[in-house]
There are 2 protein chains.
Amino acid sequence: MPRIEGKSGDGVQAVNLALSIIEHLAREQRAVGVTTLAQALGTTKSRIHRHLQTLVQEGYIVQPVDSDRYACGPRLVALGRAVSDSLDLAHVAADPLLELRDALGHSAVVSQITPDGMRVLATVPGRSAIEIGVRSGSMLSFHSSAQGKAALAFSSAEFRARVLRSKLQVFTQHTIVSPEALAAELDKVRAQGWATAPNETGIGLNTLAAPIFDSTGAVCGTVGIVDMVQFIAGTPSEDQRARTMAAAQRVSRALGHGAL
Amino acid sequence: MPRIEGKSGDGVQAVNLALSIIEHLAREQRAVGVTTLAQALGTTKSRIHRHLQTLVQEGYIVQPVDSDRYACGPRLVALGRAVSDSLDLAHVAADPLLELRDALGHSAVVSQITPDGMRVLATVPGRSAIEIGVRSGSMLSFHSSAQGKAALAFSSAEFRARVLRSKLQVFTQHTIVSPEALAAELDKVRAQGWATAPNETGIGLNTLAAPIFDSTGAVCGTVGIVDMVQFIAGTPSEDQRARTMAAAQRVSRALGHGAL
DNA sequence: TTCTAATGTATCGCTGTACGAAACAGCATT
DNA sequence: AATGCTGTTTCGTACAGCGATACATTAGAA
């Protein structure tokens, strides 16, 4: 006899239901009764009840004292915590970075935001004859790198203001040193979703960077490509922009951005 | 035929296995193969494989690219996040607070740590004739309240040092104003697990407070009892101390402290 | 290469688990 | 008392999920 299963095609249906229950309760953010759950998930009370008992037994669901309703328990937050610890940026970015390099040929870089600047976590060397790139582990300033501008543009207003007030060190004659000019540049970056820094970090070099967001929705780093200015223009090609932003989005998703 | 079930007595066994898989992967913090999982959980490969497919389909488990192993996915961190948002201190503390008042008769209070002091979230009035207590929503200083000292004693060394360096305002002649004396007091509080502040906030009043910890292990607030000094001594009774600390621990557990 | 020994994945008939309907048990209102 | 809600329990039965076995890939050894 063929599968009927209303929810999601196939799979172990008992598990599907259990997960649906947990998800529903997590979304509700409050205790819900058996009947309500049964209606919401389109099944019977007995099924829901049996599953709730299982989940309570395991500690994933709890019953608030003096209540016969059910809500998500603290064990789920501990679980999420354990998982998020294992999802480090350098690791989940490894593959998108490789694909980005393979698609475009430029060096690819992932960086992480810190209070003092952008830390370069990992790089994948480009395919040009001359080796171009930033050293893994090095620190980039917020105002003179594509990575810094991409991250700063999507940071909180307070953090952005603090950086704008700080001393903006000069690296080349193209480095933006005026707070007003930098603020305007950041507005542009936020609108377009990517940043470049032609000749700002070093003469002849350019970087294209796009922001990465974590599961809380906060910016936590960037994905970028690095090469000579003749290969990455101040306004990069459609292909370069699309692929870099797509790679960044892919990393964001892998970190849990937009899940649930 | 009777239940045999190796894992945890009863419940929907398919769900039990699925949860065991997730937990195991979360604990491992890395990708694990089907065979290894089957051995670790004491079951067959086919069962594990079928369940993994279900979990992957739902997005809770992912397969790292170019790998046939399995690891926890970002959806779990989003889930944990959603749950932790619903576990606010005032809410989970409500019941332990009531029980504490019922057991001892004193006013019971839950407070939350903030950068500027301890915020009183909720109180349960005591059973004495005269109404004693702190107003809900009010702010208590770190150095002149049992709540502040209980929280500060278990805070990070940096945070503690910052408070010790700040101006210690005088409230009564019993307020501790010397940083050295306060540091010594905090060491004592940390050793014993509770704090009192007889006549420090106001003459004739005393509070007994014990720290609450969240799922990350950080102190996030206190549970306390408030009454006249003749009812709560500088060194409270064994019963008062035990019940207050037990209530605090209960709240900690409800917040996910020590889970997983 | 070819063999071996791992791995993950797919298949399939049997069985005992998880299912649904319906009865039960509290607890409010009416 | 009767009614309408809850959550909980029961029970016979269908079919979901089980394990053994076979298949598909890979990696290393001979």
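Visitor: How do you know that the copies meet through the same surface?

Guide: In this predicted model, 100% of the interface residues of chain B are also interface residues in chain A, so the copies meet through the same surface.

Visitor: What makes the relation between chain A and chain B that of a two-fold axis?

Guide: Chain B is laid on chain A by a turn of 179° and a shift of 0.0 Å along the axis. The RMSD is 0.1 Å. That is the relation of a two-fold axis. In chain B, the C-alpha nearest that axis belongs to B:Gly80, 2.2 Å from it.

Visitor: Why is the pair formed by B:Tyr70 and DNA strand C called a polar contact?

Guide: The cut-off for a pair of N or O atoms is 3.5 Å. A polar side-chain atom of B:Tyr70 lies 2.5 Å from a phosphate oxygen of DNA strand C. The pair therefore counts as a polar contact.

Visitor: Which part of DNA strand C lies within 4 Å of the protein: sugar or phosphate, or bases?

Guide: Of those atoms, 78% belong to sugar or phosphate and the rest to bases.

Visitor: Which helices each supply at least two residues of the surface near DNA strand C?

Guide: From chain A, helix 3 (45-58). From chain B, helix 1 (13-28), helix 2 (34-41) and helix 3 (45-58). The residues of that surface divide into four nonpolar, ten polar and four charged.

Methods: Residues numbered from 1 in each chain as written. Chains lettered and ligands numbered in written order. Predicted model: local features only at pLDDT ≥ 70, side-chain atom pairs only at ≥ 80, totals over all residues. Heavy atoms only, no water. Least-squares fit on C-alpha atoms with pLDDT ≥ 70 in both. Contact = heavy atoms within 4.5 Å. Near = heavy atom within 4 Å. Polar contact = N/O pair within 3.5 Å; in protein donor to acceptor, adjacent residues only side chain to side chain. Helix = DSSP H or I, 4+ residues; strand = E, 2+ residues; numbered from the N terminus. Nonpolar A, V, L, I, M, F, W, Y, C, P; charged D, E, K, R; others polar.
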